[in-house]
Amino acid sequence: MAKWGEGDPRWIVEERADATNVNNWHWTERDATNWSSDKLKSLLLGLSVENEEGTCEVTEVSKVEGEASINNRKGKLIFFYEWNVKATWTGKSKAGVEYKGTIEVPNLSDENDMEDLDISVSLNKDEPDTLLMNLMKTKGVDKFRDALQSYVGFLKTEFTQGMILPTANGVAKPQSTSQSKAKLDKTEISSSASTATPVNTGVKIPTCKFTLKETFLTSPAELYRVFLNKEMVQAFTRGSATVDGEKGGKFRLLDGNILGEFTELVPDEKIVMKWRYNTWPCEHYATITMTFLDRSSETELKVEYRGVPNSQEEQTKEGWKRYYFESIKQTFGYGARLF
């Protein structure tokens, strides 16, 4: 994955600081337009649904028009995005007849709830009627909406990494851009602070500790296996992964954005690991301890986090809830109430 400012010029991030903005702390901006366009295309292209009538697949993303940006005001991230998305879908009936149509979303925006999106499905002109339209208007629309929701999640977690990261001298160096529109009443993610010393870096940076709990409708043994089995990890992360499920084994997930090492394994009871985003300060890892508690017909998972950079607390919490907890439940049917 290209790093900011390297390789493809589309990924270069320009920085702007107000004349009174010492150390870029009070106001910084980052243009997320090019990144968002590529991310939306990658999430939507290839989406497919199937029923007894046949299959339908998104075969082309023909239009992604709009803009996106993130603003950092005094440690708070404010998100702005507005998109008009249009894609081509191709259907094939069980009899082998092919159909083509479009699916369009004119109002993907931070001002609209995901449930309120207008997602329209149509057949191309001169195409005969087909029951595959019902498939696209139900399962197809749901899957399209889920992909758009994933984009918003990635925007708030993957893209924001490094915006308020501390450096060796303790001064934050967030990145920003010259092309964005600030809307101050948008979604905000705040960071909290405590001071600790990360291990093996030789650099003191502000870090925090916190705990998340979640309940899954499965046994401790089965849930434990989800985190160590490569095929199961690839299933809930929906992508390729490297997982060596042994003590000292390393893992790499989500296109290399998440990496770490298993440092302690107690079968069916506990997993301790070194864990990091690839944009955290060099060689800085958080320590994450997962405890699997048998609650009769379900398992309570207690996850303790230590050494997470202050600026990454909320992003880390949101990322774990969405891309670990919720994704595991949806993928394996372990759905249960949230704490």
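Modeller: In this predicted model, E222, R225, V226, F227 and L228 in α3 meet K230, M232, V233 and F236 in α4. A contact means heavy atoms within 4.5 Å. Helices (H or I, at least four residues) and strands (E, at least two) are DSSP runs, numbered from the N terminus.

Biologist: How many nonpolar, polar and charged residues does the contact of α3 with α4 have?

Modeller: The contact has 6 nonpolar, no polar and 3 charged residues. Ala, Val, Leu, Ile, Met, Phe, Trp, Tyr, Cys and Pro count as nonpolar, Asp, Glu, Lys and Arg as charged, and the others, Gly among them, as polar.

Biologist: At what angle do those two helices pack?

Modeller: Helix α3 (residues 220–228) and helix α4 (residues 230–237) pack at about 80 degrees, and their axes are 6 Å apart. The two are therefore roughly perpendicular to each other. Angles under 35 degrees count as roughly parallel, over 145 as roughly antiparallel, 65 to 115 as roughly perpendicular and the rest as oblique. Axes are lines fitted to C-alpha atoms, for helices over the stretch in contact, and angles run from 0 to 180 degrees between N-to-C directions.

Biologist: What may I rely on in the numbering and the values?

Modeller: Residues are numbered from 1 along each chain as its sequence is written, and side-chain values use heavy atoms, with hydrogens and water left out. Local features need pLDDT of at least 70, side-chain atom pairs count only at pLDDT 80 or more, and totals for chains, interfaces and linings use all residues.

Biologist: Is Q315 buried or exposed?

Modeller: Q315 counts as buried, because its relative accessibility is 2%. Buried means under 20% relative accessible area, exposed over 50%, and partly exposed in between (1.4 Å probe, protein chains only). Q315 lies in helix α5 (residues 313–332). From C-alpha to C-alpha, Q315 and E158 are 8.5 Å apart in space, although 157 residues separate them in sequence.

Biologist: Now the loops: where is D268 found?

Modeller: D268 is in the loop between β11 (258–266) and β12 (270–277). Its phi is near 65 degrees, a positive value in a residue other than glycine. Most residues other than glycine have a negative phi. D268 is partly exposed, with a relative accessible area of 35%.

Biologist: And what is the phi of S296?

Modeller: The phi of S296 is also near 65 degrees. S296 lies in the loop between β13 (286–295) and β14 (298–309), and is exposed, at 74% relative accessible area.
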